[in-house]
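Thanks for coming, everyone. Please bring up the sequence and the model, and follow along as I talk.

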Amino acid sequence: MRKPVILAAAVLLSLPARAADEPKKPKEEPGTHVQMPFLIAPMSINGKLQGYSYITSKLVASTPSASVEIRDKLAFIQDAFVRDVNAAPTGKATDPLDVDTAALAARLVGDARRIVGSSKVVTISFTQIKFSPLHPKATTDDPDTTPAPAAKPAAATPVADTKK
């Protein structure tokens, strides 16, 4: 009975020591994220528009005071982002309908740094990317696309004479 209790106590005492050995992630300072308005990026294959990717993102500022400056110039940054995604393709070389997040992040961070200052913008993180095709395919399961059954004429029913 004593051995399991001693073993459990030894395991519990070693947990804080193991946690101290693990490298801690650098803690981001509160107030350094700036939510950007969503961005609509056209997605094309061989110059033909296939749909749009709806992108939501956050800019990460170096300090809380830098995030205030980013918020002050948010309209200019958003304008640069819109011009950027419409000027050059955002898709991957292997799959043009999938956003190349690494290349797009580098381009957008460059735009933001050009407007606000290179030391104030650390990075950008994409919170959601959704592709919406230009012409969605209708399926047979879709009730809106199935034809309504043709109306049949009412069959004549004999009327019984109730008078005698």
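**Starting from one residue**

Let's begin at Ile-115. Leaving out residues up to four places away in sequence, Ile-115 touches Lys-73, Phe-76, Ile-77 and Ala-80. Contact here means heavy atoms within 4.5 Å. Ile-115 is found in helix 4. Now look across to Ile-70, 45 residues apart from Ile-115 along the chain. The C-alpha atoms of the two are separated by 8.8 Å.

A word on the ground rules. This is a predicted model, so local features need pLDDT of at least 70, side-chain atom pairs count only at pLDDT 80 or more, and totals for chains, interfaces and linings use all residues. Residues are numbered from 1 along each chain as its sequence is written, and side-chain values use heavy atoms, with hydrogens and water left out.

**The overall layout**

How many helices and strands are there in the protein? There are 4 helices and 4 strands. Helices (H or I, at least four residues) and strands (E, at least two) are DSSP runs, numbered from the N terminus. Along the sequence, the order reads α-β-β-β-α-α-α-β.

Next, burial. Buried means under 20% relative accessible area, exposed means over 50%, and partly exposed is in between, with a 1.4 Å probe and protein chains only. Of the 164 residues in the protein, 21% are buried. The accessible surface comes to about 12,300 Å², and 60% of that belongs to carbon and sulfur atoms. These areas come from the Shrake-Rupley method with a 1.4 Å probe; for residues, only the protein chains shown count as cover.

Now contacts. Take those with a separation of 6 or more: 65% of them are between residues 24 or more positions apart.

**The core**

Let's go inside. A nonpolar core is a set of buried Ala, Val, Leu, Ile, Met, Phe, Trp, Tyr and Cys residues joined through side-chain atoms within 4.5 Å. In soluble globular proteins, nonpolar side chains tend to be buried together. The largest nonpolar core in this model has 24 residues. Leu-59, Ile-70, Ile-77, Phe-81 and Ile-124 have the most contacts inside it. Two or more residues come from each of strand 2 (39–45), strand 3, helix 2, helix 3, helix 4 and strand 4. Which element gives the largest share of this core? That is helix 4, with 7 residues.

Pick out Leu-59. Beyond its neighbours within four places in sequence, Leu-59 is in contact with residues including Val-34, Ile-70, Ile-77, Phe-81 and Ile-124.

Now helix 2. Its buried residues are Ala-66, Ser-67 and Ile-70. They cover an arc of only 100° around the axis, so they sit on the same side of helix 2. That arc is taken from the directions from the helix axis to the C-beta atoms. What covers these buried residues? The cover includes strand 1 (33–35), strand 3, helix 3, helix 4 and strand 4.

Ser-53 lies in strand 3, residues 48–61. Is Ser-53 buried or exposed? Ser-53 is buried, with a relative accessible area of 1%.

Tyr-54 is partly exposed, at 35% relative accessible area. Together with Phe-38 and Ile-40, Tyr-54 makes a nonpolar surface patch of about 290 Å². Patches are made of residues with over 30% relative accessible area and no salt bridge: like charges are joined within 9 Å, nonpolar side chains (Val, Leu, Ile, Met, Phe, Trp, Tyr) within 5 Å.

**Salt bridges**

Last topic. A salt bridge is a side-chain nitrogen of Lys or Arg within 4 Å of a carboxyl oxygen of Asp or Glu. By this rule there are 5 salt bridges. Here are three of them.

Glu-69 pairs with Lys-120, with the closest N and O atoms 2.6 Å apart. This pair links distant parts of the chain, 51 residues apart: Glu-69 is in helix 2 (residues 64–72), and Lys-120 is in the loop between helix 4 (101–116) and strand 4 (121–133). Glu-69 is partly exposed at 33%, and Lys-120 is partly exposed at 22%.

Asp-84 and Arg-107 also meet in a salt bridge, 2.6 Å from N to O. Asp-84 is in helix 3 and Arg-107 in helix 4, 23 residues apart. Asp-84 is buried, at 14%, whereas Arg-107 is partly exposed, at 23%.

Finally, Arg-83 and Asp-79 form a salt bridge at 3.0 Å, N to O. Both are in helix 3 (residues 74–87), and because they are 4 residues apart, about one helical turn separates them. Arg-83 is exposed at 57%, while Asp-79 is partly exposed at 38%.
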